Amino acid sequence: MKRQRILALVKLQVKALIRVPTTLFIILLLPIALTLTMGLAFGSIVVENYGWTNQTGSIFDFMVPGLFAISALFMAMPVALSFSEDREQGLLKRINTTPMTAIEFMGSHVISNMCMAIIQVIIVGIISFLLGYRPDGAIAGITLAFVFMMVFSLSSIGFGLLTATIAKNPKAAGGIVWIFMFPQQMLASGLYPLPPETQLIGMFMPLYYVSDALTLLFNGVALGNLRIWWDLIILIMFSLVIFIGGIILFKKYGKA
Amino acid sequence: MLKSKSKNNNLTFGSDNPNAIEVIDLRKIYSGKNVIKEVKAVDGISFSINKGEIFGLLGPNGAGKTTTINILCGLINQTEGDAFVGGYNVKKDLNKIKELIGVCPQEAAVYKFLNAKENIEFFGNLHLVKKEKINERTDRFLDLLGLLDASNRKAKSYSGGMLRQLNLIVALISDPPIIFLDEPTVGMDPRVRRTTWKFIGSLKEQNKTIILTTHYIEEAEALCDRVAIIDYGKLIEIGQPKELIDKYNAKDLEEVFMKITGRRILEGF
Ligand SMILES: Nc1ncnc2c1ncn2[C@@H]1O[C@H](COP(=O)(O)OP(=O)(O)OP(=O)(O)O)[C@@H](O)[C@H]1O
Ligand SMILES: [Mg+2]
């Protein structure tokens with residue numbers, strides 16, 4: 001692992017995110033718009049004993065953890081787009097003729113995506129705060145929430161790679177990525193209470209464990225609660241499988 | 001062990017084989033579900049290229065030039081045969097080979113959202129070139145090819161010829177001893193093309209080994225020490241341009257090219 005290469009790649013990826021309008025839209029404006037919409041729509045609807053947490057407060061309060069998770073999932077889109085775009089432009093091949101290793105290459109994607117995950121947490125956090133959301137967690141709990149988001153960003157990269165493997169070109173990738181994003185948003189984000197049978201499906205998706213743990217952490221559940229740690233363990237396993245699976249499949253079927 | 005002439009990073013060749021490149025009975029056959037009929041893209045080619053030589057790989061469209069280059073720089077695996085670059089076997093020591101080569105692909109491959117300088121710097125960093133070296137070479141190359149004025153504009157706004165120039169510079173940023181140039185001058189206007197020829201010629205003075213493909217036969221005649229003409233994946237002629245012109249009693253290399261690549265059609269293949 002050479003620092004010069006990793007730095008160059010991370011810099012490149014950050015520039016790609018900032019300079020390409022679609023990706024900037026997806027990673028920054030989409031989470032902002034989503035949080036604002038949900039906040040304005042559901043921020044003043046106060047309910048009692050709502051959802052599995054039996055919360056009393058606004059419906060928006062119940063949604064916030066899921067909004068964090070969904071925002072991080074959006075990262076699958078720029079990953080899918082950049083891999084299929086770079087492949088189409090012959091840039092992946094060109095990079096392949098340089099001495100850079102696969103570990104450096106994927107490592108840099110992990111770093112830049114984790115950084116983006118943190119920025120998204122901060123953005124969604126600020127907007128929800130402005131809309132009246134007050135998490136009930138201690139500093140340690142909030143810190144652990146960041147860890148969940150960073151682990152989850154591995155899944156997002158994996159979903160992006162799987163998309164780029166299936167998609168023949170960037171346009172197709174922009175559509176196909178929803179195969180991975182939409183069901184998770186609907187069934188695993190915890191934005192609204194679901195019947196138990198439907199929720200069971202969501203439990204086969206990594207987003208569920210982020211949303212679940214963040215809900216616990218933001219509601220002041222003690223860190224000793226085993227459910228949080230089970231969430232983390234399952235999320236790590238899911239994320240590693242999707243991340244490594246994405247790399248292997250892209251390498252095998254997606255490079256041409 | 002032979003030390004290459006490259007000054008920046010003391011790149012070392014893998015053996016004391018004087019050949020920069022050696023290709024032995026190389027074959028690449030495309031088959032599989034994406035291919036209707038088996039394609040023999042490269043069909044038993046052998047040649048070797050000396051250190052410091054500019055070697056032209058000529059042939060009609062689909063002859064197998066890009067395929068040969070892609071095998072040599074490790075982008076695809078050959079079906080059969082052996083290939084050595086800098087004394088290293090492409091099947092075994094690809095990592096070593098990647099330290100020695102610069103590749104200018106047939107299609108311009110640069111980041112459109114970066115400007116010329118950023119593109120060059122990025123690839124320089126991947127080759128671990130020192131920052132001062134990157135800056136110095138970037139300015140020199142951009143200036144030599146007349147791309148300096150546009151170098152702070154994003155590549156998205158470049159014309160076809162400008163992209164090709166950038167494509168070429170990116171291949172050279174690591175000052176590699178072995179350089180693959182796959183149709184580097186396509187789409188350049190005559191003036192820029194001549195500037196580029198001079199530029200490529202100046203690399204020869206630095207004892208670089210260059211593998212050049214081109215459809216501008218006069219380009220090959222002007223630049224190359226030797227050329228190989230391939231067709232249907234087979235090597236049909238190899239030698240110095242002058243030699244071949246004499247041998248075929250032609251007025252220039254282009255006539256040689258027309259004579260020997262057209263032969264198959266005339267003979268009813
Ligand atoms: N991935 C592939 N699958 C099937 N056939 C291929 C593939 N890549 C190349 N070919 C075939 O291999 C042959 C040689 O192609 P190659 O790109 O090496 O030609 P070339 O000499 O570089 O031509 P040009 O001058 O047009 O660039 C062609 O018939 C081409 O159709
Ligand atoms: Mg070609």
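Predicted model: local features only at pLDDT ≥ 70, side-chain atom pairs only at ≥ 80, totals over all residues.
Start with the overall build. Chain B contains nine helices and ten strands. Its C-alpha atoms fill a box of roughly 55 × 40 × 40 Å along the principal axes. How does that fit with a compact globule? A compact globule of 269 residues would have a radius of gyration near 18 Å, and chain B has 19 Å, so the two agree.

Now look at what is covered. Of the 269 residues in chain B, 53% are buried. The contacts tell a related story. Take those in chain B with a separation of 6 or more. Residues 24 or more positions apart account for 67% of them.

Chain B has an accessible surface of about 12,100 Å². Carbon and sulfur atoms hold 49% of that surface. As for charge, chain B carries 39 positive and 35 negative side chains. The centres of these two sets lie 4 Å apart.

Turn to the magnesium ion, ligand 2. Which protein atoms are its donors? They are OG1 of B:Thr66 and OE1 of B:Gln106, at 1.9 to 2.1 Å from the ion. This pair links distant parts of the chain, since the two residues are 40 residues apart. B:Thr66 sits in helix H1 of chain B, residues 65–72. B:Gln106 sits in the loop between strand E6 (101–104) and helix H3 (116–126) of chain B.

B:Asp175 is not a glycine, yet it has a positive phi of about 55°. B:Asp175 is found in the loop between H5 and strand E7 (178–182) of chain B. Its relative accessibility is 13%, which is under 20%, so B:Asp175 counts as buried. B:Tyr232 also has a positive phi, about 50°, without being a glycine. B:Tyr232 lies between strand E9 (226–231) and strand E10 (234–239) of chain B, in the loop. B:Tyr232 is partly exposed, because its relative accessible area of 47% falls between the cut-offs of 20% and 50%.

Stay with strand E10 of chain B, which holds B:Gly239. With a relative accessible area of 5%, B:Gly239 is buried. Which residues does B:Gly239 touch, leaving aside neighbours within four places in sequence? Its contacts are B:Arg226, B:Val227 and B:Leu244. B:Ile229 is ten residues from B:Gly239 in sequence, and their C-alpha atoms are 9.0 Å apart.

End with a glance at chain A. A:Ile123 lies in helix H6 of chain A, residues 102–130. Beyond its neighbours within four places in sequence, A:Ile123 is in contact with A:Leu28 and A:Ile32. A:Arg19 is 104 residues from A:Ile123 in sequence, and 19 Å from it in space, C-alpha to C-alpha.

Definitions and conventions: Residues numbered from 1 in each chain as written. Chains lettered and ligands numbered in written order. Heavy atoms only, no water. Helix = DSSP H or I, 4+ residues; strand = E, 2+ residues; numbered from the N terminus. Rg over C-alpha atoms; globule rule 2.2 N^0.38 Å. Buried < 20%, exposed > 50% of the residue type's maximum accessible area, 1.4 Å probe, protein only. Contact = heavy atoms within 4.5 Å. Areas by Shrake-Rupley, 256 points an atom, 1.4 Å probe, with all protein chains shown as cover. Lys, Arg positive; Asp, Glu negative; His and termini not counted. Charge placed at Lys NZ, Arg CZ, Asp CG, Glu CD. Donors = N, O, S within 2.8 Å, 3.2 Å for Na, K, Ca; no water.
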